[in-house]
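Here's a quick briefing on how two chains meet in one model. Have the structure open while you go through it.

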Amino acid sequence: MKKYFVNFCILSFAVFFLSGATEMPPAPAAVVTKVVNSAQYKPASGSWTTLKVGQALSTNDMVKTSGKALIVLKFTDNSVLKVRENSQVTISVTKNGKNVSKTVDIGKGTVNASVTKQDQQDFKVKSPTLVASVRGTEFLFGYDNDTTNVYLMEGKLFCEAQLGKKDTYELQEGMGCTVTSDGTIQAGEMTEKQKQEYNNSTKTNVRKVILKTPQGDLIIEYLTD
Amino acid sequence: MKNRMIIIVFSLLLSFSAFSQAVQIQIVNPLPTVDLTQFINAKDLCGAPEVFLVRLNPKGIQGYIKAKFEWKDIGKNNYSEVYRMQTNPFTIRDFYSTDLCNSEITVFDETSNNDLLQDALAKGVTVGSYRITVELYDANGNFLGAATENREFTNPTATLAMIQPVQLMSYPENAVPASWNPVIGATSYRIKAVRVTSIPASLEAALENGIPCIENVDVGSVTQVNNLASLQSQNPWRPGDFVVVRVTAVVPGAQSVQELNSNIILFQIANPDAPQSSVVAQLITSLMSFLPPNLVSPEVQQFLVQYGSSITGYQGDAGQSINVNEFLNILNMIIANPDILSNIYIQQ
């Protein structure tokens with residue numbers, strides 16, 4: 001009896017370790033297609049390293065940017081996320097049968113999102129104060145100082161405040177909203193300044209002008225559409 | 001009986017739908033990029049810009065259109081008719097507004113409100129709400145359909161632009177020329193300038209909030225001033241300063257005075273005691289203030305101080321040579337929108 005028990009324990013340990021050894025890595029949810037200036041990557045279980053183009057991102061992976069840095073991510077459904085400067089973002093994907101839920105969690109900073117029409121899928125962008133449910137739309141989502149700002153250029157966005165009064169609001173094209181930590185949503189037409197901010201957030205192509213001197217070249221890089 | 005009623009109602013709906021589709025107006029140029037006064041000023045619509053496309057149905061039969069253009073001032077309730085016209089019969093087809101002058105579609109009769117046109121001419125651009133209505137008739141005068149299109153026009157196109165000083169150029173302290181294009185109907189021009197010690201993030205904010213060195217000085221109806229320095233009264237500029245300047249045209253109208261602002265120009269006062277600080281080098285140094293600290297390299301600042309006056313040329317993206325004006329235009333674009341600045345570094 002004792003022998004059987006010992007064998008069972010050995011088998012259990014073997015199965016446990018073997019299953020760990022052959023466990024498939026989580027399927028990538030997005031891939032990094034562009035990095036401008038300094039950006040970093042942290043896998044779900046790991047530490048921060050320099051982010052490079054081509055890095056696949058799986059659930060609970062994080063990326064962050066410093067000043068004047070930019071990351072462009074492409075999801076498997078062709079949705080594109082432009083992570084602007086001084087931002088930190090966590091990607092998570094959960095599957096439930098045919099339904100796939102993608103969540104972009106903005107710890108701080110700003111993302112410009114161009115989300116393709118979701119079929120049997122769910123795409124959410126959230127901050128500590130707001131969750132926005134997306135169904136094929138283009139918008140800018142920023143979180144700083146306990147306040148979330150959203151500027152919607154195309155489509156519709158259902159917004160749910162996460163704290164306090166927990167206001168809800170369906171944002172229409174051309175509108176923006178501010179969500180504060182008391183759970184109120186203040187929505188209105190986008191101002192010219194906000195439109196300019198949105199337009200700037202879409203720019204990802206780096207162009208340069210060069211100032212030539214006998215002692216070397218000075219390069220000035222700037223972003224365009 | 002019930003079936004007959006359904007057929008009648010259905011027929012009425014169909015005919016209503018057909019009528020509502022008989023005429024469609026589509027504004028083809030985004031407003032307010034179109035100066036509609038050009039349109040209403042144009043006799044027979046010749047010379048008017050391409051403003052709208054009219055889609056007409058049924059096509060291929062003889063018919064004619066009546067069109068009218070109305071204008072409503074800001075804050076008013078009623079539209080005033082600016083222009084009304086009727087074409088000669090033509091074979092019904094889609095057409096652009098410019099076709100009314102340049103094709104087989106010819107004007108049979110037209111009337112215009114001369115007072116309003118004169119007012120519009122005097123002001124240059126008339127703001128308010130515009131309404132275009134097009135009605136379609138067959139050759140026998142039977143009404144086939146109509147459509148109306150409204151547009152708010154509250155943001156007049158800038159028709160006043162400063163020619164001098166040239167954006168980002170450097171001028172001697174006591175020789176800063178200024179000139180601008182004339183505005184029809186303007187009786188006088190006013191100049192405002194503010195000096196700043198570095199390139200401001202917003203030229204407009206700098207002009208509005210800074211202490212002026214030229215405080216809305218009325219220069220009469222001239223369109224050039226030989227030396228802006230002579231207009232200074234307080235807080236005068238010094239060598240090395242940057243200056244933002246704007247001219248405003250004063251245009252008296254029938255009921256009110258309209259003011260039209262020019263673009264804002266940023267220029268620099270030359271500093272003869274600091275030859276190493278060429279304008280370009282100083283501009284780039286100023287641009288660096290828009291970079292985060294981790295991207296600001298002391299080597300770049302040192303490089304600009306040491307070699308800023310020995311610039312041998314400028315290159316664009318693909319290594320092609322560009323001239324100083326093209327280079328300054330790009331710097332100007334970045335200064336106007338510093339968010340797009342990505343990095344500045346040395347390559348040796």
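**Where chain A meets chain B**

Putting chain A and chain B together buries about 2,900 Å², with carbon and sulfur atoms giving 57% of that area. Keep in mind that this is a predicted model. In terms of residues, 25 from chain A are in contact with 37 from chain B.

- The rule turns up 1 salt bridge between chain A and chain B.
- That salt bridge joins the side chains of Arg207(A) and Asp317(B), at 2.8 Å from N to O.

**What chain A brings**

- On the side of chain A that touches chain B, the elements giving two or more residues are α2 (192-202), β18 (205-213) and β19 (216-224).
- Of these, β19(A) supplies the largest share, with 8 residues.
- By residue class, this side of chain A splits into 10 nonpolar, 8 polar and 7 charged.

**A sheet built from both chains**

- Which strands make up the open sheet, and in what order? There are 5 of them, running β20(B)-β19(B)-β18(A)-β19(A)-β21(B), and the pairing is antiparallel.
- Why do β20 (321-322) and β21 of chain B each have one side without a neighbour in the sheet? Both stand at the edges and have a single partner strand each, so one side is left without a neighbour there.
- As a bit of background, strands of a sheet pair through backbone hydrogen bonds, either parallel or antiparallel.
- One cross-chain pairing puts β19(A) antiparallel to β21(B), residues 341-347, with 6 bridges joining them.
- Within that pairing, Ile220(A) has Ile344(B) as its bridge partner.
- Another cross-chain pairing, also antiparallel, links β18(A) with β19(B), residues 313-315, over 3 bridges.
- Here Lys212(A) sits opposite Gly313(B) in β19(B).

- The average pLDDT of chain B is 77, and 76% of its residues score at least 70.
- Residues 1-20 of chain B have pLDDT below 50, and the stretch has 4 contacts in the model beyond near neighbours in sequence.
- Residues 30-34 of chain B also stay under 50, and the model gives them 9 contacts beyond four places in sequence.

Note on methods
Residues numbered from 1 in each chain as written. Chains lettered and ligands numbered in written order. Predicted model: local features only at pLDDT ≥ 70, side-chain atom pairs only at ≥ 80, totals over all residues. Heavy atoms only, no water. Contact = heavy atoms within 4.5 Å. Buried area = accessible area lost by both parts, 1.4 Å probe. Salt bridge = Lys/Arg side-chain N within 4 Å of Asp/Glu carboxyl O. Helix = DSSP H or I, 4+ residues; strand = E, 2+ residues; numbered from the N terminus. Nonpolar A, V, L, I, M, F, W, Y, C, P; charged D, E, K, R; others polar. Pairing = 2+ DSSP bridges. pLDDT = per-residue confidence, 0-100.
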